[in-house]
Amino acid sequence: MNAPKTFNLAEEMQEQLPADLLDFIKQAGEAAQKRQQRLYLVGGVVRDLLLERKIVDLDIVVEGDAIRLAREMARRYKAKITVHSRFGTANLLWGKRSVDFTTARAETYEKPGALPAVKPGTISDDLARRDFSVNAMAIELNPPHFGELIDPHTGRRDLKKQAIRVLHDNSFIDDATRIWRAVRYEQRLGFRIILATTRLLKRDIDYLSTVSGDRIRHELELVLEEEEPENILKRAGKLGVLKELHPSLKGDDWLAETFALARERCLPDEPHPHLYLALLAYRLTATETEQLIRYLRLTKTTAQLVRDTSAIKEKIRELSAPGLAPSTVYEYLHGYSLTALTANALGAASATAAEHIDLYLNVLRHVNPALSGDDLIKLGVPQGPKIKEVLQALRAARLDGLLDSKEEEVEMVREWGKNPP
Ligand code: CTP
């Protein structure tokens, strides 16, 4: 029988990997060879090499003790190493680089949604436990076979067909976060989840409820870090996945348009994922917002952002009144996070309200009295809450154009001394 034809990617690696990473994996391959271990590049990096997409981080799998090899490489590169002995993994960080070392493993899922039981295995075991064929390829790094593609699940063929395909019928049951991952890769790469996988995905949607809120939140964060998250949310809506986050969430044209506006507004930077989150939750009621916060176990800061967004939305009607005094706009909006305000500037149905929010963001929030608390004490204002009151009144007068110099402020404070406002 003929040996299976090998496909070597050494040239692609030479061309596409940054020189320092290429050097790193060559050295790691040689170090592994000396230890009589086999070493592989796996997962997303293999997929992205074949697609000629940008490579950021590396995932390396070792048949054998990954941690010892990782320690050796960390010494050579003076990298910061973080070891998880329980999982046989180590992460190396140096400069802008991050490389994960993992011991090749076989996994069994004892119950849906739980983390898998893990035992050491071969590269074949390791690839067989993965999510999609396009993510289940490896490249050997040991010198005699450097660059050889290992593709037992025909991932390369699926890349050519632009297909997202699970490796077996229980994949989504084993790990329902793969439902979100399928949609994310499909939309990121412009691929299609093949029909059989779509059927399994729909069949297994209920298993999302077996996954902890923390893991679901992590998936949502990854979605919101993508270039155009609205496409993923729209598709998730169509597949019935989005409603598992909250039944009132919608991946519709409004969301797509508002996300696109958010991108325009944030140029030259990308919108922060928190802004997308605030917009995703924008149309929920206050009660629904609380449900989402609880389900996703949002951190205190993120929860506050979503609550702020909702609280500002409650004031949109007042903010829609034309010709509001700047000090009134300030009163309505101060104290909220900038992201929550921006979400409302983008999401508000009323153009006047949006203009008021923009006025606050661009101008009003920067307005401060020239006098300080100490100045007020020198001017005879009694210490205590009165100081804050006078400072607020001075700011309001400045906002409304009633004064615009320190002298005028002094005059006004003296006047108030005689006739309190
Ligand atoms: N993986 C999996 N099932 C999951 C998560 C990850 O099988 N639920 C596997 C996949 O083989 C994936 C690899 O672990 O390629 C690494 O996961 P991750 O870092 O999340 O993804 P990448 O493929 O590196 O893709 P990305 O470009 O999104 O970082």
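Biologist: Let's start with H8 and H11; how do their axes cross?

Modeller: In this predicted model, the axes of helix H8, residues 177-189, and helix H11, residues 229-239, come within 9 Å and cross at roughly 130 degrees. That angle makes H8 oblique to H11, and the crossing in which H8 passes H11 is right-handed.

Biologist: Which residues make the contact there?

Modeller: On the H8 side they are Trp180, Val183, Arg184, Glu186 and Gln187, while H11 contributes Asn231, Ile232, Leu233, Arg235, Ala236 and Leu239.

Biologist: And how does that contact divide by class?

Modeller: The contact of H8 with H11 has six nonpolar residues, two polar ones and three charged ones.

Biologist: What about H17 and H19, are they parallel or perpendicular?

Modeller: Helix H17, residues 326-333, and helix H19, residues 351-362, have axes that come within 10 Å and cross at roughly 85 degrees. That makes H17 roughly perpendicular to H19, because angles of 65 to 115 degrees are counted that way.

Biologist: Where is His334, and how far is it from Tyr360?

Modeller: His334 lies in the loop between H17 and helix H18, the latter covering 338-347. From C-alpha to C-alpha, His334 and Tyr360 are 8.4 Å apart in space, although 26 residues separate them in sequence. His334 is partly exposed, with a relative accessible area of 35%.

Biologist: Switching to aromatics, how many pairs are there?

Modeller: The structure holds eight aromatic pairs. For Trp254 and Tyr282, the ring centres are 6.0 Å apart and the planes stand at 15 degrees, so that pair is stacked.

Biologist: Where do those two sit in the chain?

Modeller: The pair links distant parts of the chain, with Trp254 in helix H12, residues 253-266, and Tyr282 in the loop between helix H13 (273-280) and helix H14 (286-296), 28 residues apart.

Biologist: Buried or exposed, for each of them?

Modeller: Tyr282 is buried, because its relative accessible area of 6% falls under the 20% limit. Trp254, by contrast, is partly exposed, with a relative accessible area of 24%.

Biologist: Which residues form an aromatic cluster?

Modeller: Phe24, Tyr77, Trp94 and Phe101 form one aromatic cluster.

Biologist: Now the backbone; which peptide bond is cis?

Modeller: The peptide bond from Leu267 to Pro268 is cis, with omega near 5 degrees, and Pro268 lies in the loop between H12 and H13.

Biologist: Which residues other than glycine have a positive phi?

Modeller: Lys78 is one of them, with phi near 50 degrees, and Arg297 is another, with phi near 45 degrees.

Biologist: Where are those two, and are they buried or exposed?

Modeller: Lys78 is found in the loop between helix H4 (66-77) and strand S3 (80-84), and at 74% relative accessibility Lys78 counts as exposed. Arg297 has its place in the loop between H14 and helix H15, the latter covering 300-313, and Arg297 is also exposed, with a relative accessible area of 53%.

Biologist: Is Asp48 buried or exposed?

Modeller: Asp48, which has its place in helix H3, residues 44-50, is buried, with a relative accessible area of 10%.

Biologist: What is Asp48 in contact with?

Modeller: If its neighbours within four places in sequence are left aside, Asp48 is in contact with Gln16, Arg53, Lys54 and Ile55.

Biologist: Last one, Lys119; where does that residue lie?

Modeller: Lys119 lies in strand S7, residues 117-120, and is exposed, with a relative accessible area of 53%. Again leaving aside neighbours within four places in sequence, Lys119 is in contact with Ala104, Arg105 and Ala106.

Biologist: And how far from Asn368?

Modeller: The C-alpha atoms of Lys119 and Asn368 are separated by 62 Å, and the two residues are 249 residues apart along the chain.

How values were computed. Residues are numbered from 1 along each chain as its sequence is written. This is a predicted model: local features need pLDDT of at least 70, side-chain atom pairs count only at pLDDT 80 or more; totals for chains, interfaces and linings use all residues. Side-chain values use heavy atoms; hydrogens and water are left out. Axes are lines fitted to C-alpha atoms, for helices over the stretch in contact, and angles run from 0 to 180 degrees between N-to-C directions. Helices (H or I, at least four residues) and strands (E, at least two) are DSSP runs, numbered from the N terminus. Angles under 35 degrees count as roughly parallel, over 145 as roughly antiparallel, 65 to 115 as roughly perpendicular and the rest as oblique. A crossing is left-handed if the near helix is turned anticlockwise from the far one by less than a right angle, and right-handed if clockwise. Contact means heavy atoms within 4.5 Å. Ala, Val, Leu, Ile, Met, Phe, Trp, Tyr, Cys and Pro count as nonpolar, Asp, Glu, Lys and Arg as charged, and the others, Gly among them, as polar. Rings of Phe, Tyr and Trp (its six-membered ring) pair if their centres lie within 6.5 Å; planes under 30 degrees apart count as stacked, over 60 as edge-to-face and the rest as tilted. Buried means under 20% relative accessible area, exposed over 50%, partly exposed in between (1.4 Å probe, protein chains only).
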